[in-house]
Amino acid sequence: MISRLVRLHRGRLAAAYSVAMAGSLAGQLYPIATALAINGVLERRYAAIGWLVACHFSALLLEVGAKMFDTRVFTRLYADLAGRFVRRTHEDGVDPSVIAARSALSREYVTFLERDVPTVLFALIGLTVSLSALFWLDPAIGAACLALVPPLLAVNRWLARRSLLLNRGLNDRLEREIDVLRRGRDVSVRRHFRALSGWRIRLSDAEAKAFGAMELSVILLFVVALVRLAQGDATRAGDVYAIFAYLWKFVMALDQVPQLVQQVAKLRDLDRRMA
């Protein structure tokens, strides 16, 4: 279903993503612009401040434009999706309680396109720019970041399998929610919401475990970076700032991965239900 939705609205989506990515790229260049400004001021080259001002102003204009444009694109997209889905399921003779539940769940498609796809794009931009900058500033630190990728991929592969199984159980329960509430039996209602809590807790625990495993690697990365800086030639204040700023950007991009893996697993299960 999501591929059909993308094809129908590809022009608007492409425009929204392009503006958002341009803003993200401008923001990713901020540490380099700051480093140039710091080094320039310390060396009495005050014109270097212009790089920082230009970078910040460009990012600001693009991000404000992206926020205003996104709202218009994705609210119209959801209205179109929900209307088409309800009409088709009525024609197929689906029970109204199931239609209502699945119509609410269909909002996850728009949430994925509105929040998660840009997050993936921003993470890819962040990883690419931060790794490129780190290899330029200190190749040894860049190589240490790159060495983290294989074990982190293994962690997120486990999370993907676990999330798909748990989202299937959660969505099974959500589809029955309207029917349970309509009957109004106290014991059934309490059992239903306890079951929902259980599925959501297990999903949260899986994400937390993956996040914890990733953060252990990040601690090691920062230790390596500090040791490397103590032995290396990055003596200028701006260079040191840029190295650690891009390390943080690299880590922040990685931190998005567990949540994105869970959202993709949720949409895979929704696709099966709404096909």
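**Entry 1: a helix pair.** A reminder to myself that this is a predicted model. I began with packing, since two packed helices are described by the angle between their axes and the distance between the axes. I looked up helix α7, residues 139-147, against helix α10, residues 186-231. Their axes lie 10 Å apart and meet at an angle of about 170 degrees. Angles over 145 degrees count as roughly antiparallel, and α7 and α10 are therefore roughly antiparallel to each other.

Which residues make the contact? On the α7 side I noted Ala-140, Ile-141, Ala-144 and Cys-145. On the α10 side I noted Leu-221, Val-224, Ala-225, Arg-228 and Leu-229. Sorted by class, the contact of α7 with α10 has eight nonpolar residues, one charged residue and no polar ones.

**Entry 2: Met-68.** I found Met-68 in helix α4, which spans residues 49-91. Its relative accessible area is 47%, so I wrote Met-68 down as partly exposed. I also checked Met-68 against Ala-16: the two are 52 residues apart in sequence, and their C-alpha atoms are 9.7 Å apart in space.

**Entry 3: Arg-44.** Where does Arg-44 lie? I placed Arg-44 in the loop between α3 (30-42) and α4. Arg-44 is not a glycine, yet its phi is positive, at about 60 degrees. Is Arg-44 buried or exposed? Its relative accessibility is 66%, so Arg-44 counts as exposed.

Definitions and conventions. Residues are numbered from 1 along each chain as its sequence is written. This is a predicted model: local features need pLDDT of at least 70, side-chain atom pairs count only at pLDDT 80 or more; totals for chains, interfaces and linings use all residues. Side-chain values use heavy atoms; hydrogens and water are left out. Axes are lines fitted to C-alpha atoms, for helices over the stretch in contact, and angles run from 0 to 180 degrees between N-to-C directions. Helices (H or I, at least four residues) and strands (E, at least two) are DSSP runs, numbered from the N terminus. Angles under 35 degrees count as roughly parallel, over 145 as roughly antiparallel, 65 to 115 as roughly perpendicular and the rest as oblique. Contact means heavy atoms within 4.5 Å. Ala, Val, Leu, Ile, Met, Phe, Trp, Tyr, Cys and Pro count as nonpolar, Asp, Glu, Lys and Arg as charged, and the others, Gly among them, as polar. Buried means under 20% relative accessible area, exposed over 50%, partly exposed in between (1.4 Å probe, protein chains only).
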